[in-house]
There are 2 protein chains.
Amino acid sequence: MKSAKRPSDLDGLSDWTARVCAGDRRAIGRAISTVENGEPVGNALLKLLFAKAGGAEVIGVTGSPGAGKSTLVEKLAVEYRRAGAHVGIIAVDPSSPFSGGAVLGDRVRMQGLATDEGVYIRSMATRGHLGGLASAAHDVVTILDAAGCNVVLIETVGVGQDEVEVARLADVTLLLLVPGMGDDVQTFKAGVMEIADVFVINKADRPGADRVEQELSAMLSITPQPDGWLPPIVKTVATTGLGISSVREALGQFRQFGEKEGVTRRRREAKWRARLLSLLRQRLFEKVVTEGLSEAAVDEYVEEVVERRRDPYSLVEEMIEKAVNS
Amino acid sequence: MKSAKRPSDLDGLSDWTARVCAGDRRAIGRAISTVENGEPVGNALLKLLFAKAGGAEVIGVTGSPGAGKSTLVEKLAVEYRRAGAHVGIIAVDPSSPFSGGAVLGDRVRMQGLATDEGVYIRSMATRGHLGGLASAAHDVVTILDAAGCNVVLIETVGVGQDEVEVARLADVTLLLLVPGMGDDVQTFKAGVMEIADVFVINKADRPGADRVEQELSAMLSITPQPDGWLPPIVKTVATTGLGISSVREALGQFRQFGEKEGVTRRRREAKWRARLLSLLRQRLFEKVVTEGLSEAAVDEYVEEVVERRRDPYSLVEEMIEKAVNS
C-alpha cells in the first residue's frame with residue numbers, strides 16, 4: 001500500500017476533474033495555476049483531463065505590439081459567442097492589456113467579456129516556466145479544452161522563438177499587420193511570416209493599407225506554400241468590428257481545407273511530438289537534478305567552473321554517469 | 001583499447017586547439033560550426049578550449065530592430081581595436097546586416113571590419129540549436145575567448161526570452177533606445193529594461209531625444225537597483241561616431257564597479273549555473289532519446305497521443321522508467 005495514493009486524494013482529483021469539465025471557473029483557475037507552478041498534482045490532473053480534451057479549435061493570434069491583437073481577439077470572441085461557442089482566451093503577450101505586463105501600459109479593456117460566463121480569460125507570464133512557455137501554454141490549452149471551450153484563442157507577440165513555438169500549438173494562426181507601423185512586409189522575420197495561415201491587415205482605415213496588401217500579395221505569390229494553402233488577406237478595423245466576420249469565415253475555410261488535406265492532422269502530430277519530447281526532457285532533468293543532486297553539490301560544481309578548475313562539459317558527463325549508475 | 005581515442009584523433013584535436021588559440025581564422029570558423037551543429041567532436045574541443053578561455057570581457061548590445069545596434073557594434077569594435085584589443089562579434093539578431101536574415105533587408109555594411117585580422121565576426125541563426133540559442137552562443141563565446149579576443153560583442157534584438165537569455169551571457173549589457181521609434185520607455189517589457197547596465201539613446205540628433213532621456217531618468221529613479229549600480233544614460237549618433245567613446249567609458253566604469261562590488265563574480269556564477277544545468281538537461285535527453293529510442297518508437301508514441309489512446313504524461317513516465325532500468 002506504500003506507493004498507492006490514498007483514496008481521498010484520488011477522490012479529490014476526480015472531483016476536481018469533474019468540476020473543471022463542468023466549466024467551474026474556480027476549479028479551472030486552480031488547475032491552471034497548479035500546472036503553471038509545476039506542482040506534482042498538476043501532472044496527475046492533466047492525465048485525467050487529457051481524456052476529456054480534444055474538441056477545441058486552437059486559434060493563434062500574433063503580431064507586433066500595438067497591432068491591435070487584444071481588440072481583435074475580443075471581437076472574435078464575441079463573434080464565436082454569438083454562434084453559441086464557449087471561448088477560452090490565453091494571453092502570452094507581455095504587453096497585452098490582459099496580462100498587464102507593460103510598465104505603464106493600458107489595463108484590461110475587455111470588461112464586457114470578463115462578465116460573460118461562456119468566456120474564460122487567462123494571461124500567462126512569459127517567464128519562469130520550468131519546461132518553457134510553449135509547454136505550459138500547451139497544458140493550459142488542454143485544461144480549457146477539457147473545460148468545454150469550443151474555441152481557444154492564444155494571443156502572442158510575433159517576435160522571438162518562444163512566441164513562434166507558442167503559435168505552433170495552434171490549429172490555425174492569424175498574423176496581424178498594420179499600415180505604417182514600420183513592420184513592413186520586407187522587415188518581418190522569415191520565420192514569423194511562415195506561421196501565418198490568415199493575414200489580417202488591421203487598422204485598415206489608415207493610409208497605406210492598400211500598399212501593405214499589395215506587398216503582401218506580391219510576397220505570397222513568390223513564397224512556396226508547402227501545405228498547398230494560399231493564406232488569404234483580410235482587412236479589418238477591429239475597434240469598430242469591421243471585417244471580423246470575414247476573419248471568422250477565413251478561419252472556417254482553413255479548417256475545412258486542413259481537415260480535407262490532412263494539414264490539421266500533420267500539425268497535431270508535429271505539436272504532440274514536440275510536447276512529448278519536451279516533456280521527456282523536463283521529466284528526465286527533474287529526476288536527475290531534483291532527486292539526485294543537492295543544491296550544495298550544484299553550488300560546488302558552479303564554483304569549480306567559474307574558477308576554471310574543471311570544464312563544464314566533462315563535469316556534466318560525470319554527473320550523468322553518477323545519476324545513471326546510482 | 002576499444003573506447004580509447006586513436007592517437008591521431010587526439011593529435012588532431014590538440015593541433016586544432018592550438019590553431020584556434022593562435023587566432024587561425026579557418027580553425028576558429030570550423031570550431032564554431034562544429035559546435036553549432038552539435039557534432040560530438042565539438043564537445044571534445046570545448047573541453048580543451050575552456051582551459052584557454054576566461055580573459056574576454058563579454059558585452060551584450062540589445063535593442064529593437066532599427067535602433068542602430070549593428071552600427072554601434074561596428075563603431076565600438078573600431079574603438080576597442082584602436083586601444084589594441086582583439087574583438088569578437090556575435091550577431092544573433094535575425095534582422096542584423098551581419099546575419100542577413102531580413103527578407104529584403106540590407107546587407108553586410110561592415111566592410112572595413114571584415115578585412116581587419118584583429119576582428120572576428122560571426123552571425124548565428126536563431127533557430128535549430130539543440131540545446132537552445134543561449135547555450136550555443138555561450139560555447140561560441142568560449143571559442144572566441146580562447147582564440148584571444150579581449151572583447152566579445154554580442155548583438156541581440158531586445159525581445160523574446162531567447163534574446164534575454166543571450167544577454168545574460170554578457171558581463172555587461174547595453175540597451176539602445178531611439179527617439180520616436182514607438183519603443184517608448186513605458187512600452188518596453190519589464191524584463192528587457194532590467195538587463196541594461198548602460199542605456200544608449202542612439203540617433204540622439206533626432207527630435208525627442210531629450211524627452212526619452214527624461215522619461216528614462218524618471219523611470220530609473222523609481223526602479224530598485226539590486227546591484228547598487230545606477231545605469232548611466234549615454235547619447236550617441238552611431239553613424240557619425242558621436243558619443244562612442246563615452247559608451248566605452250561607461251562600460252569601463254561598470255567593469256570597475258562590478259569587479260569591486262562582486263557583481264561580475266555573481267553574474268558569472270549565475271551564467272555558469274544556467275549553462276551547467278542546460279548542458280545536463282541536453283546531454284541527459286540525448287542519452288535517453290538518441291541512444292535509447294528509435295524514430296519508429298517515437299512515431300508510435302505520437303500516434304497514440306494524437307488519437308488520444310494514451311496521455312503524454314503517463315507515456316513519458318513509462319519512457320523514463322524504461323530508460324533508467326535498461
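This is a predicted model: local features need pLDDT of at least 70, side-chain atom pairs count only at pLDDT 80 or more; totals for chains, interfaces and linings use all residues.
Two strands pair if DSSP finds at least two bridges between them, and strands themselves are DSSP runs of E of at least two residues, just as helices are runs of H or I of at least four, all numbered from the N terminus.

Residues are numbered from 1 along each chain as its sequence is written, and chains are lettered from A and ligands numbered from 1 in the order in which they are written.

Back to G60(B): in β5(B), its bridge partner is T173(B), and β1(B) and β5(B) run parallel, joined by five bridges. Moving along, β5(B) pairs with β6(B), again in the parallel sense, over four bridges; here L176(B) stands opposite V200(B) of β6(B). The whole open sheet of chain B has seven strands in the order β3-β2-β4-β1-β5-β6-β7, with parallel pairing. At its edges are β3 (119-123) and β7 (233-235) of chain B, each pairing on one side only. From one strand to the next the twist averages 20 degrees, where angles run from 0 to 180 degrees between N-to-C directions and axes are lines fitted to C-alpha atoms, for helices over the stretch in contact.

How much of β5(B) is buried? Six of its six residues are, so β5(B) is largely enclosed by the rest of the structure. A residue counts as buried if 20 or more other C-beta atoms, placed from the backbone, lie within 10 Å of its own, as exposed if 12 or fewer do, and as partly exposed in between. V172(B), L174(B) and L176(B) are buried on one side of β5(B), and T173(B), L175(B) and L177(B) on the other.

Now turn to chain A, which has 13 helices and seven strands. Of its 326 residues, 47% count as buried. Its seven strands form an open sheet in the order β3-β2-β4-β1-β5-β6-β7, with parallel pairing. Strand β6 (residues 198-201) of chain A pairs with β7(A) over three bridges, and V200(A) stands opposite V234(A) there. Helix α6 (residues 133-146) of chain A lies across β1, β2, β3 and β4 of chain A, at about 155 degrees to β4(A).

A31(A), T34(A) and V35(A) of α2(A) meet V41(A), G42(A), L45(A) and L46(A) of α3(A), contact being C-beta atoms, placed from the backbone, within 7 Å.

Finally, find R265(A) in helix α11 (residues 263-292) of chain A. With 12 C-beta neighbours inside 10 Å, R265(A) counts as exposed. R265(A) and D171(A) are 94 residues apart in sequence and 9.3 Å apart in space, C-alpha to C-alpha.

Note on methods: Two residues are in contact if their C-beta atoms, placed from the backbone, lie within 7 Å.
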